[in-house]
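Subject: Structure handover

Hello,

Here is the structure I said I would pass on. Please open it first, then read the notes below it.

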Amino acid sequence: MFLFRQALPDKDGNDNSTLLAVKFKTTERTIFATPLANYIASSYAEPPEAYRDDLRILDELRESATAALDVNTSVLKRNTRYYGQLSFILSKFPADVNVQFKWYNAFDCDSSVSCQDLYFEKAAVLFNVGAIYSQLACRESRNDKESLNRAFGYFQSAAGTFACLQRKVVSETRTQVTTDLSAYMLTTLENLMLCQAQECVWHRSVLGHMKDANVARVAQQVAEFYDLAIESGSQGSLAGTIPAHWLDHFKVKRLYFYAEAQYRKALDCLAGSHYGEEVARLRMAQDHCSQAAELVAYDQRWSKTLRAAVIDMVRSLQELVSSNCTRAERDNDVIYLDPVPAASSLAGITPYKLAQPIAPEIVQNPGKYLGEEELGPPLFKGLVPFVIHQAASLYEDRKEQLVNKDLITSLDELTADCEAVLSSLNLPNALEAIQKPVGLPPNILVGADEIRSEGGFLGIKRLLDNATDANARATSMVDASERALDDEAREDLRVRQGAVANSARAKRTESSDLTNSLRADIAKYRDIVQKARESDATIGGQVDTWSKFFALLGSPREELERQVPSTTVNPITDPHHTQIVERLQQYLNEVTLMRRERLKSVEKLRRTANEDDVTPALNEEMQRLAALTASATSIVKFEVHQFEDLFAQRLDKYGSWRKYIDEEREAQAELLDSIREANQAFLMARSSHPLLQQRQKALSNLETAIKRFREASFNLHDGTRFYATLESELARLKENCLDFAMARHLDALDLVGAGHGEIPDDLSKTPPGSSSQISSSQQQQQQQQQQQQQRQQPNLVWDPTMPLKYARPK
């Protein structure tokens with residue numbers, strides 16, 4: 001639903017006014033209730049029903065502020081009230097809360113911006129507050145002092161509102177805004193409002209019959225304000241945004257008030273008997289009026305956008321200045337004979353600046369009026385401010401980093417270091433092998449089960465035999481491929497021997513020139529097969545070396561346990577050895593106790609962190625900071641960094657845990673040193689006992705055998721897949737070689753039959769005295785002949801990559 005305003009009968013187009021009013025920004029209907037209620041429930045974990053009235057009132061405020069049909073102080077109050085509540089709400093919700101706002105450009109209704117940004121909503125509403133002040137000012141009469149005073153105040157408030165909008169509000173927006181909220185446009189509007197406020201002072205000065213010298217100073221300031229408005233309004237970025245006729249209005253009014261200032265100063269000179277200066281200033285005023293008249297004339301010929309009231313005031317002043325200039329020149333020439341100074345030598349008119357951009361207090365500090373009649377009670381007062389949620393989230397992140405990433409991680413690293421040391425010493429496994437000799441270690445039992453599941457030694461032997469057979473088949477396929485090419489080469493040599501010069505047989509392409517690619521593939525695959533054979537031999541040697549252990553590991557568990565030496569039958573009774581074992585076991589028990597206590601400490605630390613709720617402390621800190629704030633407003637803008645001192649204070653209580661970690665690190669180092677010393681004594685005692693040495697050696701051999709079996713099994717299974725792929729490739733190579741040989745054989749039969757009328761009995765038989773291998777010199781000679789033959793008869797060259805092409809019947 002599109003909402004719109006219709007303030008004045010558009011003062012911007014009222015021919016009876018010489019002043020410009022700012023149009024409203026228009027918007028479309030937006031509902032706060034549903035998205036804010038969802039956000040409260042999901043992000044704040046509070047029941048949205050508790051804020052049902054606040055949500056309803058907020059929607060009513062927006063609707064009443066954006067649906068006004070006229071301009072009066074009541075509309076101003078409604079917009080100001082909505083603006084003030086938005087300012088307070090921004091301390092409760094994030095700016096990008098899931099509420100969509102769409103606002104149109106005040107000067108171009110086809111341009112709009114739609115976004116989720118409460119700051120953009122706040123800026124648009126404040127723009128309309130400034131527009132209301134400008135329209136209220138334009139509605140005032142310029143014929144009495146009281147109306148002029150009210151208009152002067154409204155224009156100053158409008159200028160201050162646009163200045164506040166530019167410097168404080170628009171800079172906070174998180175998205176792109178409409179161009180009427182750009183810095184240049186807001187500066188132009190501020191300057192325009194100051195122009196018209198100062199113009200009200202000029203009207204009042206004229207009505208009050210102020211001295212001409214003072215009226216001149218006031219008019220001079222009006223002209224200089226218009227200079228600023230022209231400068232800011234002429235920026236290229238405002239093209240298409242600022243109304244086109246505004247700049248013409250600015251320029252005409254600027255010239256008008258420069259002329260007015262000189263005219264009033266001329267009257268002051270007349271009163272002071274400075275007749276020559278009077279003439280000079282009237283001439284200057286006449287020049288400004290002429291320039292203004294030229295702009296008016298141009299406008300009337302082309303655009304006709306200047307208001308009739310502005311045109312009338314220019315013409316009226318021009319006639320007044322012209323008549324006075326004629327009178328002054330005549331009197332000076334006839335009576336006074338006072339020298340007329342050059343315009344450049346005249347003293348400038350000191351401007352008298354009274355208009356200032358004064359933002360209303362309710363715009364600058366709306367919090368002062370919350371709870372009062374102007375803005376009403378603050379909405380969502382009981383809701384925890386958004387900055388508190390941000391600060392709490394930041395504190396939780398830092399606490400998470402400190403507790404989990406620093407403290408607990410340090411304790412975990414201590415435990416891991418301890419386990420690494422014990423593992424390097426083979427503890428407690430080495431001690432358990434003495435204290436609990438019955439049975440085998442779990443890693444041996446798991447490895448033996450794995451070997452039995454794969455068929456034991458016979459299973460690995462079967463895989464090895466399969467690899468040997470596959471390699472033999474691959475070798476046979478490579479040999480067959482090469483043999484086919486060799487046979488074809490011998491047949492080719494026989495065909496070309498004894499051929500008549502320049503005959504088809506003599507020009508036939510040599511086999512060596514056609515089989516380079518195939519012979520390269522044969523060489524490549526022969527190398528691959530050879531390397532695979534060597535790898536298989538290496539694996540076979542490894543299997544033979546460990547075959548006894550593979551067979552033992554593949555036997556039943558009872559047999560495996562019987563073959564490993566055990567102290568069950570012959571227990572160790574040496575008192576010195578027993579004492580060493582007991583001392584080492586005591587140290588290991590201390591390690592177990594240390595780990596258990598450390599786990600309890602970690603749980604306690606986590607429980608302390610989970611119970612560490614910073615929200616109450618943040619609320620207290622925010623109230624303390626608000627009490628210290630010098631501003632009288634109750635809307636204090638807090639930033640997360642303001643809680644840094646509180647964060648540091650609360651995180652300091654975890655400092656005792658750092659001390660605990662240091663103590664744990666020192667105690668663990670001492671305990672591990674004692675364990676290393678006791679373990680060294682244990683190793684020396686164990687090395688002197690033959691039964692323990694035998695058991696340890698047997699277990700070590702079994703562990704190594706399990707690793708070797710796994711390596712061999714993995715390599716052989718991988719070899720099975722390798723040979724399957726290799727045989728497929730070699731089958732294609734063999735087929736290509738046989739196809740090539742067959743095609744060349746048929747071609748040879750065709751050539752011999754064509755040249756002799758009969759076919760020899762055996763073309764594949766090598767002629768007597770010829771070698772089965774073609775020499776390198778023959779290959780070079782044949783290659784040169786082939787190159788010449790290719791140039792003469794390219795169609796005779798056979799390409800093995802192309803389909804077979806047989807000779808046509810004769």
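**Notes on the structure**

His-209 counts as exposed because its relative accessibility is 71%, and the cut-off for exposed is over 50%. Please keep in mind that this is a predicted model. His-209 sits in the loop between helix 6 (183-207) and helix 7 (212-233). Its phi is near 55°, which is a positive value in a residue other than glycine. Most residues other than glycine have a negative phi, and most peptide bonds are trans.

Asn-502 also has a positive phi, near 65°, and is not a glycine. Asn-502 is placed in the loop between helix 15 (456-496) and helix 16 (511-514). With a relative accessible area of 64%, Asn-502 is exposed.

The backbone has another point to look at, in the peptide bond from Leu-427 to Pro-428. That bond is cis, with omega near 5°. Pro-428 belongs to the loop between helix 12 (386-424) and helix 13 (429-435).

Now the protein as a whole. How many helices and strands does the secondary structure come to? There are 25 helices and 4 strands. Of the 810 residues in the protein, 46% are buried. The protein exposes about 40900 Å², and carbon and sulfur atoms supply 50% of that area. Among contacts with a separation of 6 or more, 82% are between residues 24 or more positions apart.

The largest nonpolar core has 126 residues. Phe-93, Phe-127, Leu-165, Phe-250 and Phe-380 have the most contacts inside this core. Helix 4 (residues 118-139) gives the largest share of the core, 15 residues. Apart from this core lies another one of 44 residues, which includes Leu-463, Ala-474, Trp-546 and Val-564.

What does Phe-250 touch, leaving aside its neighbours within four places in sequence? Phe-250 is in contact with Leu-20, Thr-188, Leu-192, Tyr-226, Ala-229, Ile-230 and Ile-242. His-249 is located in helix 8 (residues 244-271). Is His-249 buried or exposed? His-249 is buried, because its relative accessible area is 3% and the cut-off for buried is under 20%. Not counting residues up to four places away in sequence, His-249 touches Thr-18, Leu-20, Tyr-226, Leu-306 and Val-310.

Ile-528 lies in helix 17 (residues 516-545), and its relative accessible area of 28% makes it partly exposed. Ile-528 touches Phe-722 and Leu-726, not counting residues up to four places away in sequence. Ile-528 and Ala-474 are 54 residues apart in sequence, and their C-alpha atoms are 9.8 Å apart in space.

Tyr-336 is in helix 10 (residues 308-336). Tyr-336 is partly exposed, at 36% relative accessible area. Together with Val-334 and Ile-335, Tyr-336 forms a nonpolar patch on the surface, and the three have about 310 Å² of accessible area together.

Regards

Notes
Residues are numbered from 1 along each chain as its sequence is written. This is a predicted model: local features need pLDDT of at least 70, side-chain atom pairs count only at pLDDT 80 or more; totals for chains, interfaces and linings use all residues. Side-chain values use heavy atoms; hydrogens and water are left out. Helices (H or I, at least four residues) and strands (E, at least two) are DSSP runs, numbered from the N terminus. Buried means under 20% relative accessible area, exposed over 50%, partly exposed in between (1.4 Å probe, protein chains only). Contact means heavy atoms within 4.5 Å. Patches are made of residues with over 30% relative accessible area and no salt bridge: like charges are joined within 9 Å, nonpolar side chains (Val, Leu, Ile, Met, Phe, Trp, Tyr) within 5 Å. Accessible areas come from the Shrake-Rupley method with a 1.4 Å probe; for residues, only the protein chains shown count as cover. A salt bridge is a side-chain nitrogen of Lys or Arg within 4 Å of a carboxyl oxygen of Asp or Glu. A nonpolar core is a set of buried Ala, Val, Leu, Ile, Met, Phe, Trp, Tyr and Cys residues joined through side-chain atoms within 4.5 Å.
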